[in-house]
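Visitor: I am new to protein models and would like to learn how to read one. Could you walk me through an example?

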Amino acid sequence: MNNKMSYGDDYKSLPLTTIGNGVTIQVCEDVYQYTNQFVNIIFVGHPNTADYVVIDAGVPGGANEIIEAANSLYGSKKPKAILLTHGHFDHVGSIIELIDHWKVDVYAHPLELPYLTGEERYPEPDPSVEGGLLAKISALFPNDPIQINEHVFPLPENGDVPFLKSFQWIHTPGHTPGHVSFFRHDDGCLVVGDAFTTVRQDQLYETIVQKQEVNGPPRYFTTDWNEAEQSIISLQKLEPLVAVTGHGVPVSGEELTSGLTALRANFNEVYKPDYGRYVE
């Protein structure tokens, strides 16, 4: 298979784990969040009764744990596909091993494909951005592109989600050019990726203990703050009832509603950093 990944191991010596590591949480009747160190993988499908898909692919070296989490829900059944919210290292870190094991295709937004086929690399993470310790050490995070050319395909232009008829994908750029979120109108279930988070991801302590708060996208990897704000506005307009994000614990009900309202109203004053390489 013509797949390559050149992530180094430097980041593995960093304190990048949380109290939620290895924990699976049921978010909706058929939606589960599994935490791989400090990032969330989502399983969508009824255990033992239906096909399922996997959203995102965790950190490098996490494949065995992700497979075990899937097996605990679905037995030996393999997923129909892997869907990507975007291609940062903590969301595609184990994707090559998962493709090799499950023999499945991957779907992502067309604007994200160059970062998944080795054609382009993301802008460097920004350790100069306003924020906490994790922002300051972000230069150590892997940033090389992966190459899964033979297995990655663009999401359908009409917003349909492969193998998930009840969901639609929504383009939510800002954190990356081709970032997407997934939404189900029937029950208001929103899978956000990193368009917003439920933890202050640049702060080490808040990340470790998973202190819950509706917050903006991770500061050190977000390159277009104007688009990031517009994406949050688009997601709030959906009036989601429950949200599972790339970082943090699931949030629902009034906590989600009020959190998104505050995030939108105070985005530039509170959540957008005051300075940084990608801050206008």
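Visitor: What is the mean pLDDT of the protein?

Guide: pLDDT is the predictor's confidence in each residue, from 0 to 100. Here the mean is 91, and 91% of the residues reach 70 or more. Over residues 5-11 the pLDDT is below 50, although this stretch has 23 contacts in the model beyond near neighbours in sequence (contact means heavy atoms within 4.5 Å). Where pLDDT is low, the predicted coordinates should not be read in detail.

Visitor: Which ground rules should I keep in mind?

Guide: This is a predicted model, in which local features need pLDDT of at least 70 and side-chain atom pairs count only at pLDDT 80 or more, while totals for chains, interfaces and linings use all residues. Residues are numbered from 1 along each chain as its sequence is written, and side-chain values use heavy atoms, with hydrogens and water left out.

Visitor: In what order do the strands of the open sheet lie?

Guide: Strands of a sheet pair through backbone hydrogen bonds, either parallel or antiparallel. Helices (H or I, at least four residues) and strands (E, at least two) are DSSP runs, numbered from the N terminus, and two strands pair if DSSP finds at least two bridges between them. In this model, 6 strands form an open sheet in the order 8-9-10-11-12-13, with mixed pairing. Its edges are strand 8 (160-161) and strand 13 (251-252), each pairing on one side only.

Visitor: How many bridges join strand 8 to strand 9?

Guide: There are 2, and these strands run antiparallel. Asp160 has Gln168 in strand 9 as its bridge partner. Gln168 also stands opposite Phe183 in strand 10. Strand 9 (residues 164-171) and strand 10 (residues 180-184) are antiparallel as well, with 4 bridges.

Visitor: Which residues touch the most other members of the largest nonpolar core?

Guide: In soluble globular proteins, nonpolar side chains tend to be buried together. A nonpolar core is a set of buried Ala, Val, Leu, Ile, Met, Phe, Trp, Tyr and Cys residues joined through side-chain atoms within 4.5 Å. Buried means under 20% relative accessible area, exposed over 50%, and partly exposed in between (1.4 Å probe, protein chains only). The largest core has 30 residues, and Phe43, Ile82, Ile95, Trp102, Leu116 and Ile148 touch the most other members. Elements giving two or more residues to this core include helix 1 (63-74) and helix 3 (95-102). Helix 1 provides the largest share, 7 residues. A second, separate core has 21 residues, among them Cys28, Val31, Val53 and Phe167.

Visitor: Is Asn40 buried or exposed?

Guide: Asn40 counts as buried because its relative accessibility is 2%. Asn40 sits in strand 3. Its side chain makes polar contacts with the side chains of Gln33, at 3.4 Å, and Thr35, at 2.9 Å. A polar contact is a pair of N or O atoms within 3.5 Å; within protein, one must be able to donate a hydrogen and the other to accept it, and residues adjacent in sequence count only if both atoms are side-chain atoms.

Visitor: Where is Phe163 found?

Guide: Phe163 is in the loop between strand 8 and strand 9. Phe163 has a positive phi of about 70° although it is not a glycine. Its relative accessible area is 47%, so Phe163 is partly exposed. Gln37, in the loop between strand 2 and strand 3, also has a positive phi, near 60°. With 26% relative accessible area, Gln37 is partly exposed.

Visitor: How many residues does helix 6 have?

Guide: An α-helix has 3.6 residues a turn, so residues three or four places apart point the same way. Helix 6 (residues 225-237) has 13 residues and reaches 19 Å from its first C-alpha to its last, close to the expected 18 Å; the expected span is 1.5 Å times one less than the number of residues. Its buried residues include Trp225, Ala228, Glu229 and Ile232. Among the elements covering the buried residues of helix 6 are strand 10 and helix 7 (253-265). At the N-terminal end, Asp224 caps helix 6, with a side-chain oxygen 3.2 Å from the backbone nitrogen of Asn226. After helix 6 comes Glu239, whose phi is positive, near 55°.
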